[in-house]
Amino acid sequence: MKTIVTGSSSGIGKAVALKFLNEGYDVVGIDILPATISHPRYTHFVADVVADELPDIEHADILVNNAGVQNSGRDIDVNLKGAIRTTERYGIRPDVKSIVFVASASASTGAEFPEYAASKGGVVSYMKNVALRIAPYGATCNSISPGGVTTALNKRVMDDPELWAQIMDETPLRKWASAEEIAEWVYFVSVVNKSMTAQDILIDNGEAARAKFVW
Ligand SMILES: NC(=O)c1ccc[n+]([C@@H]2O[C@H](COP(=O)([O-])OP(=O)(O)OC[C@H]3O[C@@H](n4cnc5c(N)ncnc54)[C@H](O)[C@@H]3O)[C@@H](O)[C@H]2O)c1
């Protein structure tokens, strides 16, 4: 069994790659950065999912579209067009079993940086399009939408005690998810799950549910 993970050199993508390796899969990682995993069943390609020629990868059971940037001036290119490019190349094939997109809570709330939120909203719509196209192969396609995850992407607010306290006040469970927990969700949605498709799952510690009840 083989899984392709984009953005596998850090954060969520690295945790996803390690999870699948621990479960006995072969894993192929694609990242603009060099490999940060050394394992006999791990193959790494350095490539920009938008701009570079993508490597030939003959067969994959699972595709995890995770590579992403935030407020970079390239958010729509990398997060949306990059995910479309890798999916059309590696995901729309009769031997595929599951595709998972790492979207974001901002896809449904609209909060966060404008181009970032728009890129992730596009990912959720595209996920539904792909789900219908690969259903004839018996394959599932879903997205997960994390709220805050403790990765390098959020260093700025994680390292600032005042901003962090404000964030916790907005988060009912008063914590963020770890990359390893998100990797467990990706594994569940792509391997354990056999019946859910075309769905987006919000994993945000209750942030979007926060609503003031006035009586
Ligand atoms: N951290 C969070 O709070 C959070 C919340 C919701 C969604 N997400 C999403 O999760 C995904 C992973 O984020 P993360 O927090 O692990 O960030 P990260 O910066 O730790 O990891 C992103 C990885 O993607 C790679 N990458 C970036 N641009 C690329 C490109 N053009 N081609 C190939 N690889 C590229 C980076 O080199 C890096 O290894 C992103 O799509 C992000 O939008 C993160």
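Modeller: Around the ligand there are 30 residues, and the closest are Gly7, Gly11, Gly68, Val149 and Thr151; a residue is taken as near a molecule or strand when its C-beta atom, placed from the backbone, lies within 6 Å of it. The elements that contribute two or more residues to this shell are α1 (11–22) and α2 (75–90), where helices are DSSP runs of H or I with at least four residues, strands are runs of E with at least two, and both are numbered from the N terminus. Sorted by class, the shell holds 13 nonpolar, 15 polar and 2 charged residues, with Ala, Val, Leu, Ile, Met, Phe, Trp, Tyr, Cys and Pro counted as nonpolar, Asp, Glu, Lys and Arg as charged, and the others, Gly among them, as polar.

Please read this as a predicted model, in which local features need pLDDT of at least 70 and side-chain atom pairs count only at pLDDT 80 or more, while totals for chains, interfaces and linings use all residues. Residue numbers start from 1 along each chain as its sequence is written.

Turning to the packing, the largest nonpolar core has 47 residues, of which Val16, Ile182 and Val186 touch the most other members; such a core is a set of buried Ala, Val, Leu, Ile, Met, Phe, Trp, Tyr and Cys residues joined through C-beta atoms within 7 Å. Helix α7 (residues 179–192) supplies the largest share of this core, with 8 residues. Once neighbours within four places in sequence are set aside, Ile182 is in contact with Ile12, Ala15, Ile144, Pro146, Val149, Ala177 and Ile203, contact being C-beta atoms, placed from the backbone, within 7 Å of each other.

In a regular strand the side chains alternate between the two faces of the sheet. Strand β4 (residues 62–65) is covered on both faces, with Ile62 and Val64 buried on one side and Leu63 and Asn65 buried on the other; buried requires 20 or more other C-beta atoms within 10 Å of the residue's own, exposed 12 or fewer, and partly exposed a count in between, with C-beta atoms placed from the backbone. β4 runs parallel to strand β1 (residues 2–6), joined by 3 bridges, and Val64 is the partner of Val5; strands are said to pair if DSSP finds at least two bridges between them. β4 also pairs in the parallel sense with strand β5 (residues 98–102), over 4 bridges, where Val64 has Val100 as its bridge partner. The path from β4 through α2 to β5 is a right-handed β-α-β crossover, that is, one that runs clockwise from the first strand over the helix to the second when the strands point away from the viewer.

Two backbone details remain. Glu112, in the loop between α3 (106–109) and α4 (114–134), has a positive phi of about 90° although it is not a glycine, and Glu112 counts as partly exposed because 16 other C-beta atoms lie within 10 Å. Asn205, in the segment after β7, also has a positive phi, near 55°, in a residue other than glycine, but Asn205 is buried, with 20 other C-beta atoms within 10 Å.

Technical notes. Contact = placed C-beta atoms within 7 Å.
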